[in-house]
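Dear colleague,

I am passing on the structure we talked about, together with some notes on what turned up when I went through it. Please have the sequence and the coordinates open while you read.

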Amino acid sequence: KLDPNHIVLWSSQKCHYLWQDEWLTCTISCVTTLRVAGVLLALVLLSSCVWASGTACSRAKHTRTMDKGVKRQKGTMGQGKTGGVTSATAGAGDEAKSCQSLQDRCYWLKICPGLKISGQAVGPPKPSGLQDAERVRQDLVEDGYSKIARGGAVAPEALVDKLHEGISRLVRAGWPATFIIIFDECWEVIAGMQALMDAVTGGKNRCSYDIVAWHVDPAAGQTGFSPHRDRQPEDWVPRGLPKSVRKTFHTQNDGTLLAKYTTCWLAVSEASPDNSCLNFLPQQYDPGYLAGDVPDEDPMLRAFGAGKETFQHIRSVPLPPGGCAFHTHRIIHWGSAAKPRPQSNSSPSPRLAMSCAFSASDFEPPYLTSPGGAGDKSQSGRALISKLDLRLSLAGAPAL
């Protein structure tokens, strides 16, 4: 029974509601009497909350579960359990009063004066991870994930430091971390990621523009995503592709399978178990990885049903700033629950990260085609999104 002061959003299988300035999530079975009129009223109230005060949702919390075969989790706004997009226009506006339009470069450069929006395509740095390309490829085939646990894997230390400063400033101004996409430095890093993924996949997986950034603050009780797969048949079957999971992999000359969708995850700050580093269940211990998940059965329960020894196969992947993790669309992965210490005031530092997906066009086409227009350099490994309005669209879509 919901209090009249609650604001309710009703989506498929989930009910999101605002209570004491926090977003909470429950399964739809918890709410049995939602009416259409009530939902419409909720949306009106939400609009009032967002655009009039710009503050009530600033502590937004999002929780995810593994119901119905580990639902797709990517494409969310990318701040762990905290959103913050609803307070954007109020918080950021105070810091950039002289530039009213979000499509003005100066609006964003006032927030992040140390970064660039040049309007030009940028070339990739030379990633040190190229020497690891063959090992990463083999790890992805055998385990479904890999890592380069040193700085400079896809970008120089100074560039990663600029991303850290930019994400921190954006979040303080009330914007989701993913709006780092607006700045050239982000695209320099993505170009470095593409150079490495070209070496890993033989140029088969290209940037899909599925880009997300995170700012997970343990002191605020935030954490990364709960266990999930990035893609399920419900994501690719509507595009006319066969349901078979195996068809979403390249068959290599030696008969092994290399995923048609891979993600490069960059640690912009130190990532540790205390501030929500990534964790993986290697594919050889996951019966649903290639065979597909059983309807109405929790993939995690299925994987760990063999006995308690199975838990020993979980792999945590702490990384230094500039280190990278790589994973396929089928591996179960999650962020560890960050460790807040509100009483001692010594919580771990926030975990900052960004990820970019690389996909074969016959599996998942890129969100944008010829994003640079005439003279687009996408096929030569340069980072191409130079237009500010396109960058804004890519940043805003996950938030929406």
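**Ser276 and its surroundings**

The side chain of Ser276 comes within 3.0 Å of the backbone nitrogen of Gly224. Before going further, please keep in mind that this is a predicted model. Ser276 sits in the loop that runs between S8 and strand S9 (278–281), and with a relative accessibility of 0% this serine counts as buried, since the cut-off for buried is under 20% relative accessible area. Leaving aside residues up to four places away in sequence, Ser276 is in contact with Val216, Thr223, Gly224, Gly335, Ser336, Ala338 and Arg351.

How many of the five residues of strand S11 are buried? The count is five of the five residues (324–328), so S11 is largely enclosed by the rest of the structure. In a regular strand, side chains alternate between the two faces of the sheet. In S11, Cys324, Phe326 and Thr328 point one way, while Ala325 and His327 point the other way, and all of them are buried.

S11 has pairing partners in S4 and in S8. Strand S4 (residues 145–148) pairs with S11 in the antiparallel sense over four bridges, and here Tyr145 has His327 as its bridge partner in S11. Strand S8 (residues 261–267) also pairs with S11 in the antiparallel sense, over five bridges, and Leu266 has Cys324 as its bridge partner in S11.

**Helix H5**

In helix H5 (residues 133–142), the buried residues are Ala133, Val136, Arg137, Asp139, Leu140 and Val141. An α-helix has 3.6 residues a turn, so residues three or four places apart point the same way. The buried residues of H5 pack against S4, S8 and S11, and also against helix H7 (184–201), strand S7 (257–259) and helix H9 (288–291). Just after H5, Gly144 adopts a positive phi of about 90°.

**Salt bridges**

Side chains of opposite charge can pair when their charged atoms come close. The structure holds 16 salt bridges, and I describe some of them here.

The side chains of Asp184 and Arg391 meet in a salt bridge, with 2.8 Å from N to O. Asp184 belongs to helix H7 and Arg391 to helix H11 (residues 388–399), so this pair ties together parts that are 207 residues apart in sequence. Both Asp184 and Arg391 are buried.

Arg206 forms a salt bridge with Asp198, in which the closest N and O atoms are 3.0 Å apart. Are the two partners buried or partly exposed? Arg206, with a relative accessible area of 18%, is buried, whereas Asp198, at 22% relative accessibility, counts as partly exposed.

The side chains of Asp286 and Arg229 likewise meet in a salt bridge, with 2.6 Å from N to O. Asp286 lies in the loop between S9 and H9, and Arg229 in the loop between strand S5 (206–216) and helix H8 (233–236), so the pair ties together parts that are 57 residues apart in sequence. Asp286 is buried, with a relative accessible area of 5%, and Arg229 is buried as well, with a relative accessible area of 0%.

With best wishes

Key
Residues are numbered from 1 along each chain as its sequence is written. This is a predicted model: local features need pLDDT of at least 70, side-chain atom pairs count only at pLDDT 80 or more; totals for chains, interfaces and linings use all residues. Side-chain values use heavy atoms; hydrogens and water are left out. Buried means under 20% relative accessible area, exposed over 50%, partly exposed in between (1.4 Å probe, protein chains only). Helices (H or I, at least four residues) and strands (E, at least two) are DSSP runs, numbered from the N terminus. Two strands pair if DSSP finds at least two bridges between them. A polar contact is a pair of N or O atoms within 3.5 Å; within protein, one must be able to donate a hydrogen and the other to accept it, and residues adjacent in sequence count only if both atoms are side-chain atoms. Contact means heavy atoms within 4.5 Å. A salt bridge is a side-chain nitrogen of Lys or Arg within 4 Å of a carboxyl oxygen of Asp or Glu.
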